[in-house]
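Subject: The two-chain model to look at

Hello,

Here is the structure I promised to pass on to you. Have it open while you read, and I will walk you through what turned up.

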Amino acid sequence: MEIMRLIVTGTVGAGKSTFIRSVSEIEVVDTDTRATDETALLKQKTTVAFDFGRLQFGPDMALHLYGTPGQSRFDFMWDILICKGHAYILLIAAHRPREFRQARKILNFMKERVQIPMIIGLTHTDCPGAWSEEDVYLSIGYIDKEQRPPMIKVNPTQRESVAEAVITLVQRLMESCAV
Amino acid sequence: MAINTEKLSMILQHFVTATTDVQGAALVTPDGLPLGASLPSGMDEERVSAMSASMLSLGERIGIELARGSVDRIFVEGNKGFGILTGCGEDAVLLVLASETAKQGLLMLEIKRVLAELKLVLM
């Protein structure tokens with residue numbers, strides 16, 4: 001049995017924990033704690049170590065999904081998780097442009113440490129004030145169209161939508177293995 | 001009534017200087033924000049706070065999933081000393097750093113004492 005470790009990272013409140021909860025076949029191991037910082041304005045609980053979920057993918061492959069905390073003070077967890085990952089998805093809430101800078105920070109942090117396949121998942125695209133894919137690309141620093149990772153819209157609360165994102169990420173991983 | 005942060009810091013500082021072999025202490029929220037600290041130089045308060053929160057929540061999760069019950073403390077023993085995490089009421093976590101020469105029994109007693117002091121201020 002082959003195990004693929006996928007890392008789910010992204011900004012606070014983008015939907016990382018929900019993403020994992022939506023597809024995991026086991027009860028998700030979470031480390032939610034009551035939020036007391038500015039996160040509390042957004043939601044009551046926040047991940048402080050990691051989320052863990054599992055998904056059987058075909059007869060001889062299992063996916064292990066690890067979700068990171070969103071806040072920078074937990075960047076040691078980003079480090080621990082990303083170094084063991086095979087691929088990652090960066091979730092960004094499309095309707096909170098103020099957090100794009102944080103998304104870029106996470107992205108740079110990951111790029112400094114690993115060169116593994118990645119995709120961008122755009123969440124909250126149905127919310128008022130949501131930015132278009134093109135604008136999000138530009139705002140997180142992907143100017144050159146040739147050099148961009150794939151971006152897909154994800155609704156973390158819907159299993160099918162999350163499954164699609166996971167499949168896209170695994171495909172990207174397979175492509176990079178083939179080369 | 002607001003929490004007296006000065007008093008918190010004073011208690012922690014006093015605890016670190018007055019207890020032999022204790023090198024540092026930090027009081028943090030369960031989501032990893034500093035409330036007060038007296039740490040060895042070179043240790044970043046924010047980072048220490050975040051790490052304490054991760055450690056505690058993971059420890060508690062292990063307590064639940066592996067049927068160890070509620071967690072009293074988390075103990076990290078290295079060849080250069082100890083790191084001990086203890087819950088301090090609902091809203092705070094205490095991290096104590098001690099050198100390898102520390103006597104564990106004594107350390108536990110001192111931690112218990114300082115916890116009682118801190119809880120009074122947090123109430």
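Let's start at one residue. Leaving aside residues up to four places away in sequence, Ile92(A) touches Gly10(A), Thr11(A), Ala14(A), Phe100(A), Ala103(A), Ile120(A), Leu122(A), Thr123(A) and Val136(A). Please keep in mind that this is a predicted model.

Ile92(A) is also one of the residues with the most contacts inside the largest nonpolar core, which has 77 residues.

**Strand E6 of chain A**

E6(A) is mostly covered, with seven of its seven residues buried. In a regular strand, side chains alternate between the two faces of the sheet. You can follow this in E6(A): Ala87(A), Ile89(A), Leu91(A) and Ala93(A) point one way, while Tyr88(A), Leu90(A) and Ile92(A) point the other way.

Now look at the partners of this strand. Strands of a sheet pair through backbone hydrogen bonds, either parallel or antiparallel. Strand E1 (residues 2-10) of chain A pairs with E6(A) (residues 87-93) in the parallel sense, over five bridges. Two pairs to find on screen are Gly10(A) with Leu91(A) and Ile7(A) with Tyr88(A). E6(A) also runs parallel to strand E7 (residues 118-123) of chain A, and six bridges join them. There, Ile89(A) stands opposite Ile119(A).

**The whole sheet and its helix**

Zooming out, these strands belong to an open sheet of six strands in chain A, in the order E4-E5-E1-E6-E7-E8, with mixed pairing. At the edges stand E4(A) (51-56) and E8(A) (151-153); each has a single partner strand, so one side of each is left without a neighbour in the sheet. From one strand to the next, the twist averages 25 degrees.

Helix H1 (residues 16-23) of chain A packs on this sheet, where it touches E1, E4, E5 (61-67) and E6 of chain A. The direction of H1(A) makes about 30 degrees with that of E4(A). Is H1(A) mostly covered or mostly exposed? H1(A) is mostly covered: eight of its eight residues are buried. Among them are Lys16(A) and Arg21(A), as well as Phe19(A), Ile20(A) and Val23(A). Besides E1, E4, E5 and E6 of chain A, the buried residues of H1(A) pack against strand E3 (45-47) and helix H5 (159-178) of chain A.

**Over to chain B**

Chain B has three helices and five strands, and along the sequence they follow the pattern α-β-β-α-β-β-β-α. The radius of gyration of chain B is 14 Å, close to the 14 Å that the globule rule gives for 123 residues, so chain B is as compact as a globular protein of that length. Its C-alpha trace spans about 40 × 40 × 25 Å along the principal axes. Of the 123 residues, 37% count as buried.

Six of its seven residues are buried, so the strand is largely enclosed by the rest of the structure. E5(B) runs antiparallel to strand E1 (residues 22-28) of chain B, and six bridges join them; Val28(B) has Val93(B) as its bridge partner. E5(B) also pairs with strand E4 (residues 81-87) of chain B in the antiparallel sense, over seven bridges, and here Gly83(B) stands opposite Leu97(B). Five residues lie between the strands in the hairpin of E4(B) and E5(B), where Gly89(B) takes a positive phi near 75 degrees.

One more residue in chain B: Ile74(B), in strand E3 (residues 73-78). Why does Ile74(B) count as buried? Because it has 20 C-beta neighbours inside 10 Å, and a residue needs 20 or more to count as buried. Apart from residues up to four places away in sequence, Ile74(B) touches Met55(B), Leu56(B), Gly59(B) and Leu85(B).

**Where the chains meet**

Finally, 14 residues of chain A are in contact with 14 residues of chain B. On the chain A side, strand E2 (32-34) and helix H2 (75-82) are the elements that give two or more residues. By class, that side has seven nonpolar, four polar and three charged residues.

Enjoy exploring!

Terms used: Residues numbered from 1 in each chain as written. Chains lettered and ligands numbered in written order. Predicted model: local features only at pLDDT ≥ 70, side-chain atom pairs only at ≥ 80, totals over all residues. Pairing = 2+ DSSP bridges. Helix = DSSP H or I, 4+ residues; strand = E, 2+ residues; numbered from the N terminus. Axes fitted to C-alpha atoms, helices over the stretch in contact; angles between N-to-C directions. Contact = placed C-beta atoms within 7 Å. Rg over C-alpha atoms; globule rule 2.2 N^0.38 Å. Buried ≥ 20, exposed ≤ 12 C-beta atoms within 10 Å, placed from the backbone. Core = buried A, V, L, I, M, F, W, Y, C linked by C-beta atoms within 7 Å. Nonpolar A, V, L, I, M, F, W, Y, C, P; charged D, E, K, R; others polar.
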